[in-house]
Each structure stands twice: as structure tokens, then as C-alpha cells.
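Below is a set of questions and answers for a reader new to this structure. Each answer ends on the value or name asked for.

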Amino acid sequence: MLSLKVSELSIFQLQNYLNHAVAPRPICLASTVDKDGNVNLSPFSFFNVFSTNPPVCVFSPSRSVRDNITKHTLQNILEVPECVINIVDYDIVQQVSLSSVMYPKGVNEFIKSGLTPVASELVKPPRVAEAPVQLECVVNQVISLGDTPGAGNLVLAEIKLIHIKDHVLDADGKIDQAKMDLVARLGGDWYCRITEDNLFKVAKPNAKIGIGVDSLPHAIRNSLVLTGNNLGQLGNLEALPADDAIEVYKQDPAIKELLDATIGDNQTRELQLHLKAKQLLDEDRVEEALMVLLMD
């Protein structure tokens, strides 16, 4: 394993390692205005939502690694503490990238990128009409992390009004994750696209108390077939299945056939049971999988 002392890395090396490793990162396309009303639009991938009550997003216009200058976004927010955080989807990613160019102060990146400004309702900066979600925010605080190249400036932006495009909503008026077509930043020139075919769900463990991987029998924990993810699925169950439930499940035709075919060959039986359990786990049939694994 490569181990690196941060103190021995250049800023460029450190930025490269961190941006490739801490990824994917959601993109905040922030619109701001200065005291004279000049509009600025710029993307930031040092961004996320950090609180629900109050609803607060944080993004960081860092000082330039090359020449230590501060971004116009930061300068504007210090003059007019408001912004709109526009969420970035695949349809606008190239225009968003173009808006990141360091144009001279006063140049309107809406015009340069071809994105459409639309008046906000509560704050001075305009929204991006093409963005699927637009968050009107007031800036509560700006926290400087230093005055050297690469130092961040944490902008704590409290969300006051949320605008959501109809086409990303489901029948209940909630955001349909599969319809968002979001993009996120990786390292260097790399991005990723979140489409329906690469979405998956993980059951939330905080909805119940899982038994934990340590409660699984030794043979399961040390399986040559099951992965760490599989063990995590099993450990998220609330209890081990009852013996009578296992006996009933043994009569399932596919399970009975497997057991009958491996009578007297314990090693093969264990392997086949673990392979069957993995199949069930991949189908998210977790309770059935654990019953299979606990069969003799």
C-alpha cells in the first residue's frame, strides 16, 4: 500500500490524489451577484448538503492552487450574501464546464455558457433555467480555511426556496432519482453519470437493529463464496431465522434437490449452499439466503 505524508507532497500532487480518491462529488453551479448587480456563474465540486433543519448547503470557492487568487463567487458573496445553487444534470454538463473558465471580473458566464438566467423570487442572483433543481439561498457564514494556495472558503448557504422541474417528479410529487440524470466530479477531467441502470438500493440499517456480522456462524463469516457486501446484508437482519422456518424452507424444490444431490458429501454441500445463498443475496432475498446458509 502506498502511504504518503501530506507535508511531503506538492499542492498539485495533493489535489490530484484527493480529487481522484474523494469522489464522486456532487456539483454546485452557483450564481451570485456583486454589489453593482453584475452576475457570476461558477461550478464547485467541493459541495454538499450538511443540515436539514435548518436546511444548509456548504460549498467551497477555494483559492487558486496556481496563483492564490480568490474566485469572483467568493468576492460577490462577501458583498451580497446570497446565491442560487443550481443542481447539474447530464444535459448541461458541458455548459457547466465552460462556465468554470476564469473570465475577467464582470463577464457574465450565463452569456458565455449559453445557459438561461431566470429571475429568483427571494434573492438577487438569477437561477439557471435548465437546472432540474434550483435552491435559492442566503449566506449565513463564510469560513476561511487559510490564505495560502488551495485553501478553501466554506460558504454556509441556508436554503430558503426550492424549485424543482416537473419532469423529475413522480406521481406523488417526490423526486424520482432515476429521472434526475445527475452528473458528478471525479479526478482530473473525469465525471460520472448517474443513470437508472447504475442505481441500486441499500436497506437502511438505522431503521432497525441488525444482528451484525459478528453474530453469524464462523463458517459463514469465513465463506470462500460470500463477499463483504454479502456479509453486510446478512448482518443487517434483525434476528437469526428460527429452526422450524429453516426446516420448512428445506422443502423448497430447488433446495431439496440441492440437499439430496449432496448427501454424504459435506464439503460439496457447503459450497453449493453458499453459492445458492449468494444467488439469493444478489436477488436481495436476504432472509432466505441466511436460512440456506444455516442448513446442515
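Q: In which loop is Pro24 found?
A: The model is a predicted one. In it, helix 1 covers residues 11-21 and strand 1 covers residues 25-26. Pro24 is found in the loop between helix 1 and strand 1.

Q: What is the omega of the peptide bond from Ala23 to Pro24?
A: Most peptide bonds are trans. The bond from Ala23 to Pro24 is cis. Its omega is near 0°.

Q: What is the phi of Asn68?
A: Asn68 is in the loop between strand 5 and helix 2. Most residues other than glycine have a negative phi. Asn68 is not a glycine, yet its phi is positive, at about 70°.

Q: Is Asn68 buried, partly exposed or exposed?
A: A residue is buried under 20% relative accessible area and exposed over 50%. Asn68 has a relative accessible area of 23%, so this residue counts as partly exposed.

Q: Is Asp284 buried or exposed?
A: Asp284 lies in the loop between helix 10 and helix 11. Its phi is positive, near 65°, and the residue is not a glycine. The cut-off for exposed is over 50% relative accessible area. Asp284 has 58% relative accessibility and therefore counts as exposed.

Q: Which residues of helix 2 are buried?
A: Helix 2 runs over residues 72-79. Its buried residues are covered by parts that include strand 2, strand 3, strand 5, strand 6, strand 9 and strand 10. The buried residues are His72, Thr73, Leu74, Asn76 and Ile77.

Q: With the side chain of which residue does the side chain of Thr73 make a polar contact?
A: Thr73 lies in helix 2. The residue is buried because its relative accessible area is 1%, and buried means under 20%. Beyond four places in sequence, Thr73 touches Thr32, Asn40, Ser42, Phe44, Phe59 and Pro61. The polar contact, at 3.1 Å, is with the side chain of Asn40.

Q: How many aromatic pairs are found in the whole structure, and which residues form a pair?
A: A search of the whole structure finds one aromatic pair. The pair is tilted, with 5.3 Å centre to centre and 35° between the planes. The residues that form it are Phe44 and Phe59.

Q: How many residues apart in sequence are the parts tied together by the pair of Phe44 and Phe59?
A: Both Phe44 and Phe59 are buried. Phe44 belongs to strand 3 and Phe59 to strand 5, so the pair ties together parts whose separation in sequence is 15 residues.

Q: Which element gives the largest share of the lining of the largest pocket?
A: The largest pocket holds about 1,400 Å³ of space. Its lining has 39 residues, and those closest to its centre are Gln15, Asn19, Phe46, Lys71 and Arg185. The elements that give two or more residues to this lining are helix 1, strand 3, strand 5 and helix 3. The largest share, seven residues, comes from helix 1.

Q: How many residues in the lining of the largest pocket are charged?
A: The lining of the largest pocket includes 18 nonpolar residues and 14 polar ones. The number of charged residues is seven.

Q: How many charged residues does the lining of the second largest pocket have?
A: The second largest pocket has a volume of about 530 Å³. It is lined by 21 residues, with Pro26, Phe47, Ile87, Met180 and Leu182 nearest its centre. Elements that each supply at least two lining residues are strand 4, strand 9, strand 10, helix 5 and strand 11. By class, the lining has 19 nonpolar residues, two polar residues and no charged residues.

Q: Is Pro132 buried or exposed?
A: Pro132 is in the loop between strand 8 and strand 9. Leaving aside neighbours within four places in sequence, its contacts are Ile87, Asp89, His163, Ile164, Lys165, Val168 and Met180. Its relative accessibility is 0%, so Pro132 counts as buried.

Notes: Residues numbered from 1 in each chain as written. Predicted model: local features only at pLDDT ≥ 70, side-chain atom pairs only at ≥ 80, totals over all residues. Heavy atoms only, no water. Buried < 20%, exposed > 50% of the residue type's maximum accessible area, 1.4 Å probe, protein only. Helix = DSSP H or I, 4+ residues; strand = E, 2+ residues; numbered from the N terminus. Contact = heavy atoms within 4.5 Å. 1 Å grid on protein atoms, 1.4 Å probe; cavity = no way out; pocket = protein on both sides within 12 Å on 5 of 7 lines; lining within 4 Å. Points joined across faces, edges and corners; volume = space filled by probe spheres on them. Nonpolar A, V, L, I, M, F, W, Y, C, P; charged D, E, K, R; others polar. Polar contact = N/O pair within 3.5 Å; in protein donor to acceptor, adjacent residues only side chain to side chain. Phe/Tyr/Trp six-rings, centres within 6.5 Å; stacked < 30°, edge-to-face > 60°.
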